[in-house]
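Here is a walk through one protein model, region by region. Have the fold open as you read.

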Amino acid sequence: GALLPRLWCHHLTLVYKPQPDQVTALPIGETVTLTVTGFSADDRAQAVLCVVPDGLVCSNTNPHITVATGVNETGKHFSPVVSNDVLAEVGVTMFENPLTIETRVGFFNGREDRFDFEGSIY
């Protein structure tokens, strides 16, 4: 179907609000391959289920990329975190042929995405 109104599709969260040692243990700046194995959607969110490569750990039960989110009854966009609920409640339609995407490992410092530690708190 059509994409929901608020597009995201720019990251897969490994750990939300990680501890410093969790960040410094990551291969920041390195390119890794994610395998996209399926999708889930309802009026709240559209997400794709992913397999993270060996060596990376995701705290979500269902590692995913939020593609887009909808609008709630008050007119506000759903937060991308609702994708966790959609994946669990709606279920996942698996792809016959999984997709692979190349991505860089980074972190969000509260203002911007970063792919190196230079000048950061780490």
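Met94 sits in strand E5, which covers residues 93–104. Strands here are DSSP E runs of at least two residues, helices are H or I runs of at least four, and both are numbered from the N terminus. Bear in mind that this is a predicted model, where local features need pLDDT of at least 70, side-chain atom pairs count only at pLDDT 80 or more, and totals for chains, interfaces and linings use all residues. Numbering starts from 1 along each chain as its sequence is written, and side-chain values use heavy atoms, with hydrogens and water left out.

In sequence, Met94 and Gly38 are 56 residues apart, yet their C-alpha atoms are 4.0 Å apart in space. Contact means heavy atoms within 4.5 Å. With neighbours within four places in sequence set aside, Met94 is in contact with Thr37, Gly38 and Leu49.

## Ser83, tucked into H2

Ser83 belongs to helix H2, residues 82–90. Why does Ser83 count as buried? Because its relative accessibility is 0%; buried means under 20% relative accessible area, exposed means over 50%, and partly exposed falls in between, using a 1.4 Å probe and protein chains only.

The side chains of Ser83 and Thr66 are joined by a polar contact of 2.8 Å. Such a contact is a pair of N or O atoms within 3.5 Å; within protein, one must be able to donate a hydrogen and the other to accept it, and residues adjacent in sequence count only if both atoms are side-chain atoms. Not counting residues up to four places away in sequence, Ser83 touches Ala45, Gln46, Ala47, His64 and Thr66.

In soluble globular proteins, nonpolar side chains tend to be buried together. The largest nonpolar core here has 18 residues, and those with the most contacts inside it are Leu12, Leu14, Val48, Cys50, Val52, Leu56 and Ile65. E2, strand E3 (45–51) and E4 are the elements that give two or more residues to this core. A nonpolar core is a set of buried Ala, Val, Leu, Ile, Met, Phe, Trp, Tyr and Cys residues joined through side-chain atoms within 4.5 Å.

Take Val52: leaving out its neighbours within four places in sequence, Val52 is in contact with Leu12, Leu14, Leu34 and Pro63.

## The loop between E1 and H1

Cys9 lies in the loop between strand E1 (6–7) and H1, and Cys9 has a positive phi of about 40° although it is not a glycine. Lys17 lies in the loop between E1 and H1 too, with phi near 50°, again positive in a residue other than glycine. Cys9 counts as partly exposed because its relative accessibility is 47%, whereas Lys17 is exposed, at 64%.

Val15, also in the loop between E1 and H1, is partly exposed with a relative accessible area of 29%. Beyond four places in sequence, Val15 is in contact with Gln22, Val57 and Ser59.

## The largest pocket

About 1,500 Å³ of space lies in the largest pocket. Of the 46 residues that line this pocket, the closest to its centre are His11, Leu12, Thr13, Leu14 and Val15. On a 1 Å grid over the protein atoms alone, a pocket is an open set of points where a 1.4 Å probe fits, with protein on both sides within 12 Å along at least five of seven lines; lining residues have an atom within 4 Å of a point. Points are joined across faces, edges and corners, and the volume is the space filled by probe spheres set on them.
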